[in-house]
Amino acid sequence: MPSPGSVPGRALLSLLLLAAVTAGGGTRDRPTTQHDPAPKLNVHIVCHSHDDAGWLKTVDQYYYGANNTIQVAGVQYILDTVVQALAANPARKFVYGEMSFFMRWWAQQDEDMHALVTQLVQDGQLEFVNGGYVQQDEATAHYVAMIDQTTLGHTFLRKTFGTIPRVGWQIDPFGHSATQASPTACLGVAPAHLLERVSPPAPQDMAHRKNLTAMEMVWQGSNSLEDATVFTGNFISNYGPPEGFGFEWGCPPIMDDSRLDEYNVQDRHAWDSIDAFVEQCRAVAGVTRGPDIMLQLGSDFQYANAHLQYKNLDKLIRAVNADGRLNAFYSTPAEYVRAKHAYSGERWPLKSDDFYPYADFPHAYWTGYFTSRPASKGYIRAATSFLQAARQLEAFMGLPEGGPTTHALEEAVSLLQHHDAITGTEKQHVACDYHRRLHRGESRTRIGTAASLHRRLQKEEGQARAQPNPVDTPIELEVCDWLNITACNTTVRLSATGKGFMVVAYNPLGWSREAPLRVPPCGQSLFLGAGPEGDEMASQLVPASHSTNSLQQLLAGVNATSPTTFGNAELVFVARLPPLGYSTFFVQPCAHSMHDSSIGKLEEAAHRDSAPKPAGPTDAKLLQASNGSLLRSMSSQGTSVQLSTFFGWYNSSDGLEVQENRGQSSGAYIFSLVGQLLPGKKHRKVAQLELVRGGTVLEARQVFSNWATLVTRLYRGQPQVEVEWTVGPIPIEDGLGKEVVLVYTSDIDSGDGFWTDANGREMVKRTRQMHMNCRPSWELNVTEPVAGNYYPLTAAMYIQDADRQLAVLTDRAQGGASLRSGQMEVMVHRRTLTDDARGVGEPLNETACGCSFCNCPGKCLVVRGKHWLLLASLEEAARPRRTLQQQLNDPPLLAFSAIPHEIGSSSAIDGRVGLRRTFSLSEGHILHSNVHLLTLKDTGDSYLVRLAHLYQEGEDPGLSRPITENLNAVLQLLQYREIHELSLSGNQLRSDMLRERLRFEAGDSLTNDSWPGAGPAGGLHPAQELDTGEMARLQEGAQVIDCSSGCSNGELLVTLKPMEVRTFQLIYRPY
């Protein structure tokens, strides 16, 4: 987004997060600063350009400088002129962060330019900060995608320049997650992140730290990881230049010829004079420690005329140094941190909470973007999960020669982690461009995924790798786009003609699982499912709901998909799936003599309890109340809770109701409301209710209005209650936008406390603040009791009392709050009719046609998603919650085909003896329940593998402890000759990273502990000593494990501490 200086009234502040690591990674040792020995202020001048990978213009338009009627910006010209300016003067320096642009620019340069740029990197004139593919959002991005996008950029830099980024540079996101601090300490990046935004009109956090001289601190991102600290500091200005010295913004140039009438170097009354510069530098020094400060000379899409910038900066530095009061020089954030690290005996304040929610004015909380563009957020999450599963198959089957790979999807998913992409804060045409890129990547990956499954299906045990299984027809697998609206070409086409079909369900988790699957057939026949061994399975045919039929017609009306793909029912069954493997299921039309219990009974109901439910560990009583809520109670494993669910909405402020919202409208960034929560059943006295009963699933379908429906499901054998919500088109006939929420009300005595996840990792305690209260780090005056208590939910939220915990798990990033004891509120959709004046310049008014305020037959966008509700006793709550959170995030990958038959065999299910009907890539080895295979990727010459501990310190008495996993057992089908343990992004040996890290000593804490089971900051529970089974050659300091003759299980035991992620590179062994 634009710099504060380019948008009137947006004077923001940025937070400098400085990860404690030294420089290195191929950069030549050389003098980096010219400190004056006298005790004067050292001014580190950092030249940079913040280049959004899409926002007002598409990423292509930003790169080429197209569509300049929207914004004048062209990244290729920035990089062209910066390189020329650096080459002209060896004293000049520049830092750059967005690898999505730089990688494109690099590919277009010739060998001479490659040589010049490489020399600039080696000489330390051009330094890469952050080094990720994009500058990611921190509220709505999932940690898996955060790691992936960083790895993509870091891999390019390592392979191209042999360099390791030493600065984490997060200068533009809208608030900051503790997860950002934690991985930064493990990525191998070192000195600096520009993070936090706090505005002068509401400087509550910053003012507190100014009073304590705590503008620079040590930030502890995790209570579970002893080495997850980064050096952090606030700038008192934004990430742009000091006032009067933004030369590319039209500020007067340095006119240093004293013969000129407009000579301005020593004019003590000019706002652009040396005196003004000195005064601003001293203001920064007044709230920081020591004789070093850093100034950011640059901003959004700056240095397109690098000669103008550097010529004036050269003059400024000469004039300042000649004046004698300051010592100014070109520098980098890495050099600045090394200077701070040199302060002998300095102890820095310790902070351990995060920076949410962010507000730039007292009544302007940036909590709307937690939910903005919910369909996009769901699409990104699903694509991220699909990418992980596809990579696993690609790794075990080998990269295809010349065929489609997962690379295009990896680039698209990485691009959409950008802080104006996954946030939903971009212009509509940019959102459409993002989605086209995601769809292209998915389409290519589907081809490769289908091919991988096809090759595995057609191999007998013991057959040679290239020998196919003889079948009379090819297995043409389809991965369907529209399963959530009961649409799939293969299953509908075959079933409509009375034919059966095959379902291949791949489980990307390292555990076996039982997963409810819903498959769309079409026609009047009944259908019977059979498992991989031909055994008949319990299944249930469920008729499509009215809301599903409406969605199908909407998508057909805007030509999103063909009506020939629409099913009129779903076959529901619970599938048993092996770890890292698939099972095949066969769906056949059957005679009408099939037992009637397999047909879902559809009936209308009003005020009544439900009838018999599928057997399982969780039970729910359904009783529709007059306010439209359905659930009356929920019980699981002896724990019960009174529970209700209902829709509601807040009217969006248009900025005109001055007394209520001080003139702030609601928009893509900001959640600003008028009035109180309104019920979702405005047009009905009682929400319409239908029940579908059966032995596999019980469904309760509620219609609150023609734009808001809920389906509540209980599956046989499953611990969760599934709540599927469908919202839209949100009505605007009253001239008001709406913020639609789903409210869960219980009898849990949770007080003012609730917990939300940080990017899918650690759970962070929140405290409801209604007026004046205390945040963990400072006293907060909450001017917006609703919007000011919303927090990002990337994956989960829960409330608890002394005995029980009730959790809501989400399938996408959303905003949520607990505004009263026992209640959780999740915003699921938004539609605003005004812009919130933060730069995007258009309201958040999505349509099914991908346009705003257009004549679209689909009107406002309809969005469908799901929540999983989970109830457990407090002492056992983390176990099912962590497991189900992973299962919801990584659902089975489904592919469909006609049923293949072996040559000469009958068409009976038991005639298909040639198919490999079930297969596990881990040969059936199951990971421990607190360990997740985070990454398995074929890089072309090696495999990149990550294992993650899923629990945080103090979360569970047994599973929050170190666990030793057998890496060889999980990956025994891969062929590798040696193993390296790497940093989190895979760009250096872990031992090198640990050896080179700078460490800052923490002093007094600014924060009240906000972690479950929090202990002393930075410490580990005494029981968390490393397991003695940890293999000696992967301990700290190890370089390489030789597996050329095979590695035994005992040599590959890896111990993971709570919340730890360990990364390994497995080098190919030739066949």
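Modeller: A disulfide here is a pair of cysteine sulfur atoms within 2.5 Å. Bear in mind that this is a predicted model.

Biologist: Which cysteine does the disulfide join to Cys480?

Modeller: A pair of cysteine sulfurs has to lie within 2.5 Å to count. The structure holds one disulfide. Its S to S distance is 1.9 Å, and the partner of Cys480 is Cys488.

Biologist: Are Cys480 and Cys488 buried or exposed?

Modeller: The cut-off for buried is under 20% relative accessible area. Both Cys480 and Cys488 are classed as buried.

Biologist: And is Cys281 buried or exposed?

Modeller: A residue under 20% relative accessible area is buried. Cys860 has a relative accessible area of 1%, so Cys860 is buried. The value for Cys281 is 1% as well, so Cys281 counts as buried.

Biologist: How much of the protein chain counts as buried?

Modeller: The protein chain exposes about 36000 Å², with carbon and sulfur atoms supplying 51% of that area. Among the 1071 residues of the protein chain, the share that counts as buried is 64%.

Biologist: How many aromatic pairs does the count come to, and what is the geometry of Phe94 and Tyr303?

Modeller: With ring centres required to lie within 6.5 Å, the count comes to 38 aromatic pairs. For Phe94 and Tyr303 the ring centres are 5.2 Å apart and the planes are at 70 degrees, so this pair is edge-to-face.

Biologist: How many residues apart in sequence are the parts that Phe94 and Tyr303 tie together?

Modeller: Phe94 belongs to strand β3 (residues 94-96), while Tyr303 is in the loop between β8 (292-300) and α9 (306-323). Phe94 and Tyr303 are both buried. Given their places in the chain, the pair ties together parts whose separation in sequence is 209 residues.

Biologist: Is the aromatic pair of Tyr310 and Tyr330 stacked, edge-to-face or tilted?

Modeller: Planes under 30 degrees apart count as stacked and those over 60 as edge-to-face, with the rest tilted. Tyr310 and Tyr330 are 5.8 Å apart centre to centre, with 55 degrees between the planes, and the pair is tilted.

Biologist: Which strand holds Tyr330?

Modeller: Both Tyr310 and Tyr330 are buried, and ring pairs link them into a cluster that includes Phe94, Trp105 and Tyr303. Tyr310 lies in helix α9 and its partner in a strand, so the pair ties together parts 20 residues apart in sequence. The strand that holds Tyr330, residues 326-330, is β9.

Biologist: Over the ring of which residue does the charged end of Arg761 sit?

Modeller: A charge counts as over a ring if CZ of Arg is within 6 Å of the ring centre and within 35 degrees of the ring normal. Arg104 lies over the face of Tyr63, at 5.2 Å from the ring centre. For Arg761 the distance is 4.8 Å, and the ring is that of Tyr143.

Biologist: Is Glu243 buried or exposed?

Modeller: Glu243 is placed in the loop between β7 (229-234) and α8 (274-285). Its C-alpha is 8.3 Å from that of Phe277, and the two residues are 34 apart in sequence. The cut-off for exposed is over 50%. Glu243 has 59% relative accessibility, so Glu243 counts as exposed.

Biologist: Which residue in β46 is the bridge partner of Glu978?

Modeller: Strand β44 (residues 976-982) pairs with β46 in the antiparallel sense over two bridges. The bridge partner of Glu978 in β46 is Asp1042.

Terms used: Residues are numbered from 1 along each chain as its sequence is written. This is a predicted model: local features need pLDDT of at least 70, side-chain atom pairs count only at pLDDT 80 or more; totals for chains, interfaces and linings use all residues. Side-chain values use heavy atoms; hydrogens and water are left out. Buried means under 20% relative accessible area, exposed over 50%, partly exposed in between (1.4 Å probe, protein chains only). Rings of Phe, Tyr and Trp (its six-membered ring) pair if their centres lie within 6.5 Å; planes under 30 degrees apart count as stacked, over 60 as edge-to-face and the rest as tilted. Helices (H or I, at least four residues) and strands (E, at least two) are DSSP runs, numbered from the N terminus. Accessible areas come from the Shrake-Rupley method with a 1.4 Å probe; for residues, only the protein chains shown count as cover. Two strands pair if DSSP finds at least two bridges between them.
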